[in-house]
Amino acid sequence: MRSLSLAPLALVLACAVAPVPPALAQDKGSVDPKPLPPLAHPEDPKTPAKQLFGRVRTPTTGKAEVIGFYAKGCLAGAIALPVNGPAWQVMRLSRNRNWGHPVLVDTLETLALRAQKAGWPGLLVGDMSQPRGGPMITGHASHQVGLDADIWLTPMPDRELTRREREETSATMVVAKSREDVDPRVWTPGHFAVISTAAKLPNVERIFVNAAIKKALCREAGSDRAWLHKVRPYWGHDYHFHIRLKCPPGETLCKSQPPPPADEGCGKALAWWFRDSVLHPRPPKPPTTPPKVKPKPRPQLTLAGLPPACRAVLAAP
Ligand SMILES: [Zn+2]
């Protein structure tokens, strides 16, 4: 993403992840997913770690532990968020990404019930983590340690969705075509309720939303604004919002991220996102002469690039 280089330094540090194509809540799944073919040489040290973690279907048993950083790590002892709950339903079951640290599962269950009381019908839960965390073959740079979750900006219907609906229904775009604000025909007080309720949970450290959504939250927050600083504008995040938890207390292998700035972030920092050059970045000029050497593809994260303890997580029965 070219325009990331223009971002204020604080923002880059806050996100601390390499820009990758966003995970799209509107990407469809399949009710009959084909298993990935086995790797010919999984022991080859050059094998991308996502190809290894992306093939594991089950978590490790035993104590839950976060290993590493949101965008470079893995997870032991994950548990699954049940696909149906009193106030949530899991989407895209074919992806098998409804795994997380028990504190994440607990937080989502709490949020679902509180958000319902606050006026949101219930959560449609998108990607959390893989059974052993780690990098993913498609989508996110983060979501590797079981502390991140995507929540759709579509209100949950008051019936159980079918398997097919969970794979094929699209999430709801809440940002207006102009990208300057939310779409008033789509945005509701319930959207405000679910995001603000999430931000008020003590172990939620950050929430990523589109800048247009942050603008709406700043406008609608009234005098109760102490949670706003946790809600961070980011590219994409116009069909879903992303919840990130703090490292669970006492987990020394979990690499924490500096807390977000205390400022509520409704002023200058937010205005940056609505500059013409950011909203409508100019396409790169085509080169006048063809480049002599092809640009090298970005090196893939391998097992050697992950914390050493992730080898044992991957190898465990
Ligand atoms: Zn996410």
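The largest nonpolar core in this predicted model has 70 residues, and L108, L123, V125, I195 and I207 have the most contacts inside it. A nonpolar core here means a set of buried Ala, Val, Leu, Ile, Met, Phe, Trp, Tyr and Cys residues joined through C-beta atoms within 7 Å. "Buried" means that 20 or more other C-beta atoms lie within 10 Å of a residue's own; 12 or fewer makes it exposed, in between is partly exposed, and the C-beta atoms are placed from the backbone. Helix α3, residues 102-118, gives the most to this core, with six residues. Helices (H or I, at least four residues) and strands (E, at least two) are DSSP runs, numbered from the N terminus.

A quick word on ground rules. Residues are numbered from 1 along each chain as its sequence is written. As this is a predicted model, local features need pLDDT of at least 70 and side-chain atom pairs count only at pLDDT 80 or more, while totals for chains, interfaces and linings use all residues.

**The whole chain**

Stepping back, the chain holds nine helices and 11 strands. Its radius of gyration is 20 Å, close to the 20 Å that the globule rule gives for 317 residues, so the chain is as compact as a globular protein of that length. That radius is taken over C-alpha atoms, and the rule is 2.2 Å times the number of residues to the power 0.38. Along the principal axes, the C-alpha atoms fill a box of roughly 60 × 55 × 40 Å. Of the 317 residues, 41% count as buried. Among contacts in the chain with a separation of 6 or more, 77% come from residues 24 or more positions apart. Two residues are in contact if their C-beta atoms, placed from the backbone, lie within 7 Å.

**Helix α3 and L108**

Back to α3. This helix has 17 residues and reaches 24 Å from its first C-alpha to its last, close to the 24 Å expected at 1.5 Å a residue. The expected span is 1.5 Å times one less than the number of residues. Buried in α3 are L104, V105, T107, L108, L111, A112, A115 and Q116. Looking down the axis of α3, these buried residues fall within an arc of 160°, so they line one face of the helix. The arc is that of the directions from the helix axis to the C-beta atoms. An α-helix has 3.6 residues a turn, so residues three or four places apart point the same way.

L108 touches L81, W88, L123, V125 and A149, leaving aside its neighbours within four places in sequence. After α3 comes G119, with a positive phi near 115°.

α6 is followed by G222, whose phi is positive, near 65°.

α5 is mostly covered too, with eight of its 11 residues buried. Those eight are H191, F192, V194, I195, S196, T197, A198 and A199. Their cover includes α3, β9, α6, β10 and β11 (240-245).

**Arginines and a valine**

Most residues other than glycine have a negative phi, and most peptide bonds are trans.

| Residue | Phi | Loop |
|---|---|---|
| R179 | about 70° | between α4 (163-168) and α5 |

R92 counts as buried, with 25 C-beta neighbours inside 10 Å, while R179 is partly exposed, with 15 other C-beta atoms within 10 Å.

R166 sits in helix α4 and is partly exposed, with 19 other C-beta atoms within 10 Å. Leaving aside neighbours within four places in sequence, R166 is in contact with M91, R92, L93 and L161. From R166 to G236 there are 70 residues in sequence and 21 Å in space, C-alpha to C-alpha.

Finally, V313 belongs to helix α9 (residues 309-315). V313 is buried, with 24 other C-beta atoms within 10 Å. Its contacts, leaving aside neighbours within four places in sequence, are T60, I67, C74, A76 and R132. V313 and V175 are 138 residues apart in sequence and 40 Å apart in space, C-alpha to C-alpha.
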